[in-house]
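Let's take a walk through this one together, stopping at a few helix pairs, the ligand and a strand residue. Have the sequence and the 3D view open as you read.

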Amino acid sequence: MEQAWWKESVVYQIYPRSFNDSNGDGIGDIPGITEKLDYLKNLGVDVIWLSPVYQSPNDDNGYDISDYQAIMKEFGTMHDWEKMLEEIHKRDMKLMMDLVVNHSSDEHQWFQEAKKSKDNPFRDYYIWRSSKDGELPNNWGSMFSGSVWEYDETTQEYYLHLFSRKQPDLNWENPKLRQDVYKMMKWWLDKGVDGFRMDVINFISKVPGLPEAPNPNETKYTDGSRYFINGPHIHEYLHEMNQEVLAGYDVMTVGEMPGVDIEEAKKYTKLKRKELQMVFQFEHMDLDSGPNGKWDLRPFKLKDLKESISKWQKGLHDVGWNSLYLNNHDQPRAVSRFGNDKEYRVESAKMLGTFLHMLQGTPYIYQGEEIGMTNVQFDSIDEYKDIEILNMYKDKVINGAESHEEVMKSIYAKGRDNARTPFQWNDSKHGGFTSGTPWIQVNRNYRSINAEQAIQDDQSIYHYYRQLIKLRKKYPIIVYGDYQLILENHDKIYAYLRNYKNEKLLVITNFSNQHVLFELPESISFEKAEKLISNYDTLESENPRFFTLKPYEARVYKGF
Ligand code: NOJ
């Protein structure tokens, strides 16, 4: 297998609005990030993925960009950004910027021009359709509730927006738009950025004609994603982007790709095809959703997680490359979702970290994961800030037929604001995030869960993550070894082997709050050499083939 720095790296995601506020306006900012670079360096991460810091009216917290080459005022200045990059590089870390080019903001100059007239030179930078007898151009529903179509009075046409009405989709069929995007990317690369995380990049090619989607439940709007996920020209566009931009730089690329399957992911990540290096796939993020989407709650089953992860581990091995994550700014907190954020918060957070960091792929840590930050429950809907939550609430409770209580239950479990409460730095007011009033409330548990406490406690999740990262640097088997699931049908233990050259790694994790017996099948040969890590004390004399696991226990043995 080809070796590469981006395969050996650990990435840390910063959601700037909620990371660290340096000027007391209640909003995290770039100088605030720079202040905390030593914290990240001490954790041991190699790359920072920075969620958008570009100029934006913040309809979707920066994922609606009105100028791709300017910094959002609330976050600081271009000078602050340059200083931050310099300080990142000084510490031998890298910076991956967020690239949001499926859509722009409606306040972007391109859109301001485009809506002036049908013959404006920028008209074709977006996707316009006329209306037939007052009907919408098609029945697709937006990711943020309602229709994907918004009517523009001036030119009497509708424009397409897969996300909010302030996020019009860009028209990638227009070569001029593509060239402008490439120019902008080069501009950032020449400023020294080390890569891009590409927002919903597998949505950029739409099926011509934008057909009506099947609507079996006869809902008002329906899921049109089959007509824009991995669309007809997607590989052509990404290959072109690679050749015109990325190939000229030694950078890291990851495409965020809802709905991507293994066969498509192979095409995106096979290096010879010259598209991307890795994708964020979503399969394991959907295991606790029912047929009606993310708000339709289902308990997650370990069996499904094993099936899904194993399929990806095997499918991309020696073909492409995996990215590994259990949470990010769009997902609930991993420990609340897959672990136990009460009695076994510390144990289960460490167990989940072990499970993820020992897999093949590049691990991503989302800010606060390393100190075991948890989901939040605000009493009132008014405390929530996320457009997805607020639109859904309006749709279902105010205009719809669902009860407040029922919808709040879904928000508590799945709402994106779970991940967006301010980073908990210490036990002072607002968790030390700001000296002002935070834009969104801090999780009430900041007095007991915070970075300062975690750094002081050598048994903390934070120190455990440091160890996990160190192991990856030390043992190539963690990066390059293959993957073999064992105890497939066990409903509490997730265990797997990694094989590389003449070595083996045995990873054993208990996903339950019970004591469970672990027994390595006789057919598997494994001679222990050493224990690499565990989240409980273990005896040196213990036989790794046969022992009892404590609640959420995790152990990793190296052997042959
Ligand atoms: C995915 C981003 O991660 C999410 O935060 C955003 O709302 C949508 N794409 C739209 O840009």
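Start with helix H7 (residues 234-244) and helix H8 (residues 262-269), whose axes come within 10 Å and cross at roughly 25°. Axes here are lines fitted to C-alpha atoms, for helices over the stretch in contact, with angles running from 0 to 180 degrees between N-to-C directions. Helices (H or I, at least four residues) and strands (E, at least two) are DSSP runs, numbered from the N terminus. H7 and H8 therefore count as roughly parallel (angles under 35 degrees). H7 passes H8 in a right-handed crossing, that is, the near helix is turned clockwise from the far one by less than a right angle.

A word on the model: it is predicted, so local features need pLDDT of at least 70 and side-chain atom pairs count only at pLDDT 80 or more, while totals for chains, interfaces and linings use all residues. Residues are numbered from 1 along each chain as its sequence is written, and side-chain values use heavy atoms, with hydrogens and water left out.

Which residues in H7 and H8 meet? Ile234, His235 and Leu238 in H7 meet Glu264, Lys267 and Tyr268 in H8 (contact means heavy atoms within 4.5 Å). That contact divides into 3 nonpolar, 1 polar and 2 charged residues.

Now for a second pair. The axes of helix H11 (residues 345-357) and helix H15 (residues 461-474) come within 10 Å too, crossing at roughly 15°, so H11 and H15 are roughly parallel to each other. Their crossing is right-handed. On the H11 side the meeting residues include Arg345, Val346 and Ala349, and on the H15 side they include Tyr464, Tyr465 and Leu468. By class, the contact of H11 with H15 has 6 nonpolar, 3 polar and 3 charged residues.

Next, the ligand. Of the 14 residues around the ligand (a heavy atom within 4 Å), Asp60, His103, Asp199, His329 and Asp330 come nearest. A polar side-chain atom of His103 lies 2.9 Å from a ligand oxygen. For Asp330, a side-chain N or O atom is 2.4 Å from an oxygen atom of the ligand, and for Arg416 the corresponding value is 2.9 Å.

Last stop: Asn499, found in strand S17 (residues 493-500). Asn499 and Ile478 are 21 residues apart in sequence and 9.0 Å apart in space, C-alpha to C-alpha. Not counting residues up to four places away in sequence, Asn499 touches Ile477, Gly481, Asp482, Gln484 and Lys504. With Gln484, the side chain of Asn499 makes a polar contact of 3.4 Å.

Key:
Parallel < 35°, antiparallel > 145°, perpendicular 65-115°, else oblique. Nonpolar A, V, L, I, M, F, W, Y, C, P; charged D, E, K, R; others polar. Polar contact = N/O pair within 3.5 Å; in protein donor to acceptor, adjacent residues only side chain to side chain.
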